[in-house]
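Here is a short report on one protein chain. Look through the sequence and the structure first, then read on.

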Amino acid sequence: MTEMLNGSDFGGISVHNFSEKILEQVVHFHVMKLNEGFFLWVGSAPALSNLAVSINSKYDSMPLSTLVMGDPSNTAANSLAQRLAKRTKKQVFVSYSLPMADSSLSLLVENRIKKELELHPENF
């Protein structure tokens, strides 16, 4: 696991990066903590292939979620944003730039994010 620019503050936005080798693939995580939420990018190569946003609603127990850009048939970013918004009670932006061929990879990636949330909640 590697961390760079951890806790760096850029005018109210703090940045937290970490990486993990998951199923023989190095996965990078980039978190930008915002005022009332955070942006999470997950990928193995520098690309912003999609972007989803999710926010809690007082009218429904499940957070509202929408895909801002990307392929609508790939629901990984949308689903992850929704689950993280529910867990953190914050507005969440997610870009998930990993291949969707392996569902076990997605589960392990999400578990790694949950572990980071537990270890460093101040970065989210």
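Are E24 and K21 buried or exposed? Both E24 and K21 are exposed. Buried means under 20% relative accessible area, exposed over 50%, and partly exposed in between (1.4 Å probe, protein chains only).

## About the model

This is a predicted model, where local features need pLDDT of at least 70, side-chain atom pairs count only at pLDDT 80 or more, and totals for chains, interfaces and linings use all residues. Residues are numbered from 1 along each chain as its sequence is written, and side-chain values use heavy atoms, leaving out hydrogens and water.

## Helix α1

Helices (H or I, at least four residues) and strands (E, at least two) are DSSP runs, numbered from the N terminus. Helix α1 covers residues 76–88. Its 13 residues should span 18 Å at 1.5 Å a residue, and its end C-alpha atoms are 18 Å apart, which agrees. The expected span is 1.5 Å times one less than the number of residues.

A76, A77, L80, A81, L84, A85 and T88 are buried in α1. Seen down the axis, the buried residues of α1 fall within an arc of 150°, so they line one face of the helix. That arc is taken from the directions from the helix axis to the C-beta atoms. Just after α1, K89 has a positive phi of about 65°.

## The nonpolar core

The largest nonpolar core holds 24 residues. Such a core is a set of buried Ala, Val, Leu, Ile, Met, Phe, Trp, Tyr and Cys residues joined through side-chain atoms within 4.5 Å. L40, V42, L84, V94, Y96 and V109 have the most contacts inside it. Helix α1 gives the most to this core, with 6 residues.

In soluble globular proteins, nonpolar side chains tend to be buried together.

## Salt bridges

The structure holds 5 salt bridges. A salt bridge is a side-chain nitrogen of Lys or Arg within 4 Å of a carboxyl oxygen of Asp or Glu. One of them joins E20 and R112, with the closest N and O atoms 2.9 Å apart. E20 lies in strand β2 and R112 in helix α2, so the pair ties together parts 92 residues apart in sequence. E20 is partly exposed, at 25% relative accessible area; R112 is buried, at 5%. E20, R112 and E116 are linked in a network of salt bridges.

E24 and K21 form another salt bridge, their closest N and O atoms being 3.8 Å apart.
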